[in-house]
2 protein chains.
Amino acid sequence: MATQQEPASKKQRTQPTYELLYHPQIPGRGEFIRLAFEAKGVSYTDIANEDSKNGYSKVQDICIGDNLGKEGNPPVFSPPALRISGAGPDGNALIISQTPNCLIYLGDKLGLVGSGGEQEKFWVQQLALTALDLNNEVHDTHHPVGVSLYYEDQKEESLRKAKDVRENRLPKFFSYFTRTLKWNAEKAKHRYLVGESLTYADTTVWQVLDGLYFAFPKEMQARQKEFPELLDTFYNSVKEELKAYLESNRRLAYSQGVFRYYPELDRQS
Amino acid sequence: MATQQEPASKKQRTQPTYELLYHPQIPGRGEFIRLAFEAKGVSYTDIANEDSKNGYSKVQDICIGDNLGKEGNPPVFSPPALRISGAGPDGNALIISQTPNCLIYLGDKLGLVGSGGEQEKFWVQQLALTALDLNNEVHDTHHPVGVSLYYEDQKEESLRKAKDVRENRLPKFFSYFTRTLKWNAEKAKHRYLVGESLTYADTTVWQVLDGLYFAFPKEMQARQKEFPELLDTFYNSVKEELKAYLESNRRLAYSQGVFRYYPELDRQS
């Protein structure tokens with residue numbers, strides 16, 4: 001029996017089973033995690049989307065409600081979460097949550113943190129965290145007052161918030177990402193933020209930019225000339241690297257998630 | 001000379017020079033980083049507060065404005081940041097930013113991630129990230145529409161936002177932290193969130209709770225009975241561990257930072 005078990009357990013060690021636990025049918029925060037897998041061609045199970053009958057109830061069982069944690073892991077605050085078979089307590093699955101936390105975990109395992117050792121790892125991390133902050137601010141353009149309220153019930157506040165994000169916050173973030181591209185220009189000619197190859201900082205910043213093109217098309221078009229390194233060179237070259245995935249049916253359309261298109265919130269002229 | 005240099009360079013390796021780059025005179029997001037140092041009794045320089053003449057201009061030089069990074073490091077989006085002498089590019093200082101990123105770095109170096117290996121590290125990380133999300137939501141109770149506007153110019157929106165945070169968000173976060181304490185009860189009797197000793201998840205959650213006591217005293221008093229493990233056992237035992245620091249003059253008073261006391265935003269009865 002030992003000879004039969006050997007290869008199986010070896011296989012499991014080199015190719016763990018990754019499960020993404022997230023809401024079905026929206027890119028949302030799960031998309032940052034999907035992009036990490038897709039950029040490296042590593043297989044994963046997107047439970048709620050792949051098993052339309054029972055998948056989401058498994059996500060809800062682990063991530064939503066008042067449980068004290070599953071399989072020896074602490075409770076999850078909210079999706080997305082990752083479940084990695086065999087990597088957790090007593091040989092159970094490891095369950096971790098929080099988008100940046102999942103990215104940090106995968107960055108190391110999948111090789112998406114550059115080749116510059118510890119320092120590049122922390123620079124990649126801070127860029128991804130900053131992009132996810134921007135993601136939250138964009139979410140708040142249509143939900144400035146309460147996540148539990150409808151957009152229609154906070155539309156006046158949304159108009160003010162969206163104006164502030166478009167006029168003050170986007171240029172601040174875009175300037176920061178652009179300056180980082182310039183800092184790294186010798187290594188990557190504005191194609192990567194850190195080092196000489198794709199990291200999860202790139203995929204995470206890219207996804208926020210892509211969502212912004214959907215949510216604020218006029219604003220983004222107007223900003224294009226101001227930030228060509230970011231919105232032209234970087235955006236298009238990362239898009240090219242992700243092409244196979246973006247053209248697949250696994251890439252979900254934006255709808256009523258973080259990025260929403262309300263014409264009244266976009267630039268008006 | 002070699003015999004004289006030996007101990008000096010050895011000392012530098014075991015005790016690097018940590019500099020905290022942050023705004024002066026407010027606890028703010030810098031406080032999460034201060035608590036990590038203070039909990040372990042590791043010395044650090046709080047530049048803007050310790051050198052009142054030139055300190056803040058050094059912070060601004062590195063963290064604010066349109067630079068392309070300093071000492072070979074990429075640019076910083078905004079404070080807080082950490083500068084660690086000798087740990088960066090070509091023997092220069094390492095400069096990293098983003099509160100959770102600094103905590104992840106220090107968690108490892110200072111021994112604030114428990115003793116349970118990789119899995120505990122990621123659980124500590126997700127708890128700190130969630131507490132910092134709550135910190136952002138609390139900030140938005142007085143700035144829901146725009147960070148660049150005064151509170152007085154968004155007071156109506158603040159009343160709605162604060163109500164949502166108090167009534168819906170606080171119980172959701174408190175329930176999550178409480179369930180984590182219960183999950184870990186066998187190891188820590190509700191005194192630590194992960195493992196058997198203090199981690200930066202504990203200090204980070206604690207700081208947000210402490211700020212909430214300042215900003216929403218009536219709301220917190222009313223919640224006390226609902227979440228005794230969190231607001232009584234955990235809050236007080238972590239406070240006890242931090243006692244020496246909290247009683248020192250290095251602990252700054254809350255004022256006009258993330259946590260502000262506006263009676264009209266608190267529970268009214």
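Buried area is the accessible area (1.4 Å probe) that two parts lose on being put together, summed over both. The model is predicted: local features need pLDDT of at least 70, side-chain atom pairs count only at pLDDT 80 or more, and totals for chains, interfaces and linings use all residues. Residues are numbered from 1 along each chain as its sequence is written.

**Exercise 1.** Determine what area is buried between chain A and chain B, and which residues of chain A lose the most area.

*Solution.* Step 1: the buried area is about 4900 Å², and carbon and sulfur atoms give 55% of that area. Step 2: on the side of chain A, the most area is lost to chain B by Phe77(A), Arg160(A) and Arg179(A), together 16% of what that side buries. Step 3: contact (heavy atoms within 4.5 Å) takes 56 residues from chain A and 56 residues from chain B.

**Exercise 2.** State how many salt bridges cross the interface of chain A and chain B.

*Solution.* Step 1: a salt bridge requires a side-chain nitrogen of Lys or Arg within 4 Å of a carboxyl oxygen of Asp or Glu. Step 2: by this rule, six are found across the interface. Step 3: Glu118(A) forms a salt bridge with Lys109(B), with the closest N and O atoms 2.8 Å apart.

Methods
Chains lettered and ligands numbered in written order. Heavy atoms only, no water.
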